[in-house]
Amino acid sequence: MSEQYTPPPIYPPSSPPGSSEPPIAKSTAPSSKVSLRSSQFREEREKNWMELEFLIDRTEKGGIRSLAASELERLSVLYRSALSSLSVARSIALDRNLLVYLENLSLRAFLVVYGPRSSMTESLSHFLTRGFPEAVRSAGRHIFLAFSALMVGVFAGFFLVLQNPDWYSTFVSEAMAGGRGPGSTREELEAVLFPNPGDYAKNGGLIGSLAMFATALFSNNTMVGVLAFSLGIAAGAPTIVLIAYQGVTLGAFIAIHYKQNLTVELLGWLSIHGVTEILAIILCGAAGLMVAEKILFPGRYSRIENLSIHGHTAAQVAIGAMILFFVAAILEGFFRQLISDTAIRYFIGGATGLFWLLYFLRPKAEVKSV
Amino acid sequence: MSTTSSADNFFDRPQAKSVRFITTPEGVQLPVELASVMDRLGAFTIDFLICIAIAILFSFPLYFISILGVSGNVLSALFNLIVFIVRYTYFVQFELVWRGLTPGKRIIGLRVIDRRGGPLMPSAVVARNLTREFEAFMPLMVLLSAGSLNAGNFGQWLSVAWVLVIGFLPFMNRDRMRGGDLIAGTIVVRMVTRSLAKDIANSEFHYTFTDQHLSAYGKFELQVLEELLRRHGQELSSHMRPGVSAAQAFKASMESKHMINEVTEKIRNKIGWLEPIAPEQQLQFLKDFYTAERAYLERGQLFGMVKADKHQELKRQEVPPTENNHKI
């Protein structure tokens, strides 16, 4: 502090300790003028605090944009001076009202100065171009683990149903099976895989597609994805189980088509949106596992502290996966019904896969720091 | 001053257990008050109702689609989509643009902040609202479908259990964080605006005190006296306020005067002030004593000597005062 506080005269007269004179004071006319160090300090700084308070009041009401550029500059200067006032006041003042006021003022200014400045569209574009791919790249181990869990599930489901078709009804709920089961004939399965072009109009055309998109978005898979991420808080085991269980369902599905020699056709039918959707499920699982890792192995921090430091990356992976689910729902709603040629289906599936691969793994050199 | 048994009850300050400290990038610790679970529930209810209203507004076009003869399934799917988009953008957009506020939080006086005092990142905002899907909206749906629960459906029971675990999460951790706060590294705090009251230190003395007088009390008693004098000032000025009847004001001022008398006598006894103080002089005496005591203790503090309350000795402070008992 550059300010100099001349020691004011304090409660005169002060009798030396141990003086035998009994402390009897008389009520007299105003005897002495006194100025407290902390009162003096307050007088000197008060104008700045009031100015800061005025600026904060305005931003709290009208947003940060209601301030002119010069006022913004002033705001950050005043914020720092309020913090320094608080530090000084904490060491020299015992006026509680003053301390509480300065703490409150500093906090309010802090929230304005360090608040997020970006709108939803700005942060979304930043997220899509940088945040998401980077987060995915850093989650390699977790993605591998989630992928393994899914594949284990697929194989288990496939071979179990192949051996004993009774397993099918255990793995796949009726709503999801949509009437398909081990008892279905080849014709019944084909009818789902290759819908009659006339059905498109019958199902409501574009609005029907939109509805299907909406249904797909809230389908089981999206819910499973978000649940897999959220369950990461529970140390990860439920996440693995959930992902593996999705694999089991898929495997069971493949098994009934395999029996009727429709595997290639089924995979084509699935690949249009499935490449994106399965990737999204894996990413959600990976994000859940990242959360679990931070909780299980906190290192030098407390578990909660560690999560709050590293949780952002996991959250970014999960948020990106939501976007993938969105894309998958569009593909499912609008394209799966229209395209009934298996080769074209594989082409679309492959193209989406390639797109995601390039998106996530494109050279880092492209990314320039802001 | 035994008129107060506990500091928390006397001051208008939050219970110590709900105060946390964040450290600004400049290295200054600032106290924040955690929002209570009930406050947050209230804020969420307001936001939820606003969301429903917006979703209904946006759903009017569906009415025209329904004239075209689209099946009910399609309509409900589209409605779901609209509701989803509305509730999601609502929370994220507001918390980003209003810096941690939504209309509900604004009305109740809450705010989302970073637990460690950093800036509130957009990714944190999105993450804490993504999990809201499973903490609030899914439980609501489960509750709505509770009537159709049957013992055989394992999945439904699992989701009920999930709802219970997640629903009680804010009660189970010290910082009252829900799942989304845990992942995003945020806490929800209660924001109040404090104003700077007039300094009540006198600039002129009628009474003078010695070190012996002043060493009887410590910082705590000084601040209790400050609060008392401030309240007394408020009660005297309450005559002017509308809505306060003359009788009420008179009663309040009598109680306040009685309090002043009581405290004056206590202080006189404690510090050994032999001369009696006339009733009309008591306020002057207390203000003088407050000023002198504050000057005495502040001078001590400047030299690193601290006396926290009347039971403690004036002693050298070992380390800078760390109020951060609840490290987060």
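## Burial and the model

A residue is called buried here when its relative accessible area is under 20% and exposed when that area is over 50%, with partly exposed lying in between. The structure is a predicted model, and a search across all of its chains finds 19 salt bridges.

## A pair and a network involving chain B

In helix α12 of chain B, which spans residues 219-237, R230(B) and E226(B) are placed four residues apart, about one turn of the helix. Their side chains meet in a salt bridge with an N to O distance of 3.0 Å. R230(B) has a relative accessibility of 13% and therefore counts as buried, and E226(B), at 2%, is likewise counted as buried. Through salt bridges with shared partners, these two residues belong to one network that also takes in D95(A), R294(B) and E298(B).

## Links between helices of chain A

E51(A) and R74(A) form a salt bridge in which the closest N and O atoms are 2.8 Å apart. Because E51(A) sits in helix α1 (residues 37-62) and R74(A) in helix α2 (residues 69-92), the pair ties together parts of chain A that are 23 residues apart in sequence. E51(A) is partly exposed at 29% relative accessible area, and R74(A) is partly exposed at 33%.

A salt bridge also joins R108(A) to D57(A), again with 2.8 Å between the closest N and O atoms. This pair links distant parts of the chain, 51 residues apart, with R108(A) in helix α3 (residues 96-113) and D57(A) in helix α1. R108(A) is buried, with a relative accessible area of 1%, whereas D57(A) is partly exposed at 28%.

Definitions and conventions
Residues are numbered from 1 along each chain as its sequence is written. Chains are lettered from A and ligands numbered from 1 in the order in which they are written. This is a predicted model: local features need pLDDT of at least 70, side-chain atom pairs count only at pLDDT 80 or more; totals for chains, interfaces and linings use all residues. Side-chain values use heavy atoms; hydrogens and water are left out. A salt bridge is a side-chain nitrogen of Lys or Arg within 4 Å of a carboxyl oxygen of Asp or Glu. Helices (H or I, at least four residues) and strands (E, at least two) are DSSP runs, numbered from the N terminus. Buried means under 20% relative accessible area, exposed over 50%, partly exposed in between (1.4 Å probe, protein chains only).
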